Every structure is written in C-alpha cells, then in structure tokens.
Amino acid sequence: MKLTSLVYLDAALLATAQRLAERFAVPCVDGTAVVGVKPKLFQRFVSNLNPDVEDAFVFVLGPDGLALHALGPEYGVSIRADFHGPSVTFRRKQGGGKGQMIAKAVGVRGGVYPRVLDATAGLGGDGFVLASLGCQVTLLERVAAVRALLEDGLAQARTHALAQDADLLQVLDRVSLIETDAAAYLRNLTEADRPDVVYLDPMFPVRTKSAMVKKEMRVFHSLVGQDADADDLLEAALRCARYRVVVKRPRIAPALAGATPNHMLEGKSNRYDLYTLEKLPNGLNA
Ligand SMILES: C[S@@+](CC[C@H](N)C(=O)[O-])C[C@H]1O[C@@H](n2cnc3c(N)ncnc32)[C@H](O)[C@@H]1O
C-alpha cells in the first residue's frame, strides 16, 4: 500500500492538512473545488493525482475529519476511526453492557474494571467498547496511517462530546493512544505500568475474493499487512499482563503460537482465547 497524497476539502483546514502531509511526506492538495461534486468526478480528481501508482491511498481531510480513501479497484471505499457516529453511539448506549462477550473475556463485572492494554488497536473499535464499559484503555498502534486515523477519530469525538455528550467525554478520558510497536513497548514496561489485561487482535489473512469479506476490511488489510509476528506478541503479553491475556481470533483460526488457552468464549464468527495468570481481585480499579 502506498499513501500518495493528502487532499483537504476546506480552506480552514489548511494548517492541519499541511502538518499531516509533512508528517507523511506526501503532497498537500487543494480539493476545495471538488467539494459536493458527483462521486465520479471526485474519483477522477483523486485518481488523476497518482495515475501510475497501484494500490494507492489518499488521505482526505474534511470538516467531518480524516479518512483514508482507496484508489484503484477498491475505489469508493474509505476508512476512518469513528467514536461518535450513530452506530457506535447505539452500541455504547444499547450494546448489552457487561453482558457482551468482550466484557466477559476481559473480566469486566460489578465493580471490576481492569486496566487494559489494547496492544493491536487498529481503528480502536474494541478498545473503545472496553472504555465504554468502564476500563482504562491504552491503545497501541504501529502503523502510522492507522494511528493518524485513530488520533483524528478521538479528537473529533472529543469535540462532539465537549459540545453535547458528557458521558462520551468520560469514556474518552479513559482512552490514551501511543504510536509504537507493541513488542518493543511491552519489553520496556516498568513494573508500575504493567496492565491488568493485555488484549490482542492481530490481523488474520482474509479470503480476499470472498463476498463475505467487507470491502472496508479488504482495504484495511492492504493498508496494514499481515502481522506475521503475532505469535511473538503473545509471549511478550504473557510476561507483562498481571491477570490475563485475551486474544480475539476468527472462530476457525488456530490459537496464537499454538498455545492452548485456559478458557475460550465462542461467538458466531469470532472467539476469545483467554490466558489467565491470576484471579482478578474484586474491586479492582472500582
Ligand atoms: C485486526 S486490527 C485490530 C482491530 C481492533 N481490535 C478494532 O476493534 O478496530 C490489528 C491492528 O493491530 C496492529 N498491530 C499488529 N501488531 C502490532 C504490534 N506488534 N504493535 C502495534 N500494533 C500492532 C495492526 O497494525 C492493526 O492495525
């Protein structure tokens, strides 16, 4: 995957756009003239920016935040980190709370809110659910473009929360984000910073031709790659977590590093492998 340029859609965003473009060493392109045009025209505009690059992506920065647009065969697909849109908000408010499988996997229950290190944050969906449930969550992400989307999604959500959603603000206050490789981070962790739970959800190869695989998922995969080092991450996580390591896997996938978990929670398409180290004390971080 190659990030080829950053297009901004509002002159008021020029300074932010320039900062981001500099950070990614890509040209900063004025797209204000194509705001509101038909999708085909917009497609022609961005495709013409980099006609010869296969597998290209562009960042598009608009009033609603930062998105990554795929060019080429997946044109029209864009991904962003969303922490305040309608479906995320619905899940936060009506999503089943502590009854959700992810809550059980991590060990959230009455008065127990483990401190979670989400070592493979991606677009932050799982980490945000855990923060919504009451956990302090540190997100680690090593792919700079994904980290930029996360950072922007958190900032957009905070602006929205400050204006009209005090509950969301509390959730966001429980989330922090670090751009780093998790293996290196875990190696250098001090005793005081050891998390209660390390949560892992590394990439798993998708069947790219399958209609079942959502386009967004395919684009995310081509952006991020394979996470071929995920087995090593489990070992590092087991050394650092105080109470438990939770690994999210597709239901049919083998366990990470071939390590048999102590418990397994199975859903329709995913499962959680639990490696328990110590019992979570009652009242932990209550
Ligand atoms: C499948 S995605 C995680 C999805 C996430 N659970 C969510 O709900 O959005 C895996 C992510 O972990 C990141 N990742 C994998 N190994 C990592 C490592 N060693 N350090 C930091 N990030 C890593 C990848 O870059 C990718 O963005």
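Predicted model: local features only at pLDDT ≥ 70, side-chain atom pairs only at ≥ 80, totals over all residues.
Local features need pLDDT of at least 70 and side-chain atom pairs count only at pLDDT 80 or more, while totals for chains, interfaces and linings use all residues. Residues are numbered from 1 along each chain as its sequence is written. The protein chain has 10 helices and 12 strands; helices (H or I, at least four residues) and strands (E, at least two) are DSSP runs numbered from the N terminus.

**Overall fold**

- The radius of gyration of the protein chain is 20 Å, close to the 19 Å from the globule rule for 286 residues, so the chain is as compact as a globular protein of that length. The radius is taken over C-alpha atoms, and the rule is 2.2 Å times the number of residues to the power 0.38.
- Along the principal axes, the C-alpha atoms of the protein chain fill a box of roughly 60 × 40 × 35 Å.
- Of the 286 residues, 36% count as buried. A residue is buried if 20 or more other C-beta atoms lie within 10 Å of its own, exposed if 12 or fewer, and partly exposed in between, with C-beta atoms placed from the backbone.
- Among contacts in the protein chain with a separation of 6 or more, 63% come from residues 24 or more positions apart. Two residues are in contact if their C-beta atoms, placed from the backbone, lie within 7 Å.

**Sheet of 5 strands**

- This open sheet has the order β2-β1-β3-β4-β5, with mixed pairing. Its edges are β2 (28-30) and β5 (78-79), each with a single partner strand, so one side of each is left without a neighbour in the sheet. Two strands pair if DSSP finds at least two bridges between them.
- Strand β4 (residues 65-70) and β5 run antiparallel and are joined by 2 bridges; His69 stands opposite Ser78 in β5.
- Helix α2 (residues 39-49) packs on the sheet, where it touches β1 (2-8), β2, β3 (56-62) and β4, and its direction makes about 130° with that of β1. Axes are lines fitted to C-alpha atoms, for helices over the stretch in contact, and angles run from 0 to 180 degrees between N-to-C directions.
- Helix α6 (residues 144-164) lies across β1, β4 and β5, at about 145° to β4.

**Sheet of 7 strands**

- The order in this open sheet is β8-β7-β6-β9-β10-β12-β11, with mixed pairing. β8 (175-179) and β11 (263-266) stand at the edges with a single partner strand each, so one side of each has no neighbour in the sheet.
- Neighbouring strands here are turned by 20° against each other on average, direction ignored.
- β6 (residues 116-118) runs parallel to β7, with 3 bridges between them, and parallel to β9 (residues 197-200), also with 3 bridges.
- Asp118 has Leu139 as its bridge partner in β7 and stands opposite Tyr199 in β9.
- α5 packs on this sheet, touching β6, β7, β8, β9 and β10 (244-250), and its direction makes about 175° with that of β7.
- 5 of the 5 residues of β7 are buried, so this strand is largely enclosed by the rest of the structure. Val137, Leu139 and Glu141 point one way from β7, and Thr138 and Leu140 the other way.
- 7 of the 8 residues of α5 are buried, so this helix is also largely enclosed.

**Ligand shell**

- There are 20 residues around the ligand, of which Thr120, Gly122, Gly125, Arg142 and Ala182 come nearest. A residue is near a molecule if its C-beta atom, placed from the backbone, lies within 6 Å of it.
- α5 (125-132), β7 (137-141) and α8 (182-187) each supply at least two residues of the shell.
- The shell divides into 10 nonpolar, 4 polar and 6 charged residues. Ala, Val, Leu, Ile, Met, Phe, Trp, Tyr, Cys and Pro count as nonpolar, Asp, Glu, Lys and Arg as charged, and the others, Gly among them, as polar.

**Local backbone features**

- Ala25, in the loop between α1 (14-23) and β2, has a positive phi of about 50° although it is not a glycine. Ala25 is exposed, with 7 other C-beta atoms within 10 Å.
- Asp227, in the loop between α9 (215-224) and α10 (230-240), has a phi near 55°. Asp227 counts as partly exposed, with 18 C-beta neighbours inside 10 Å.
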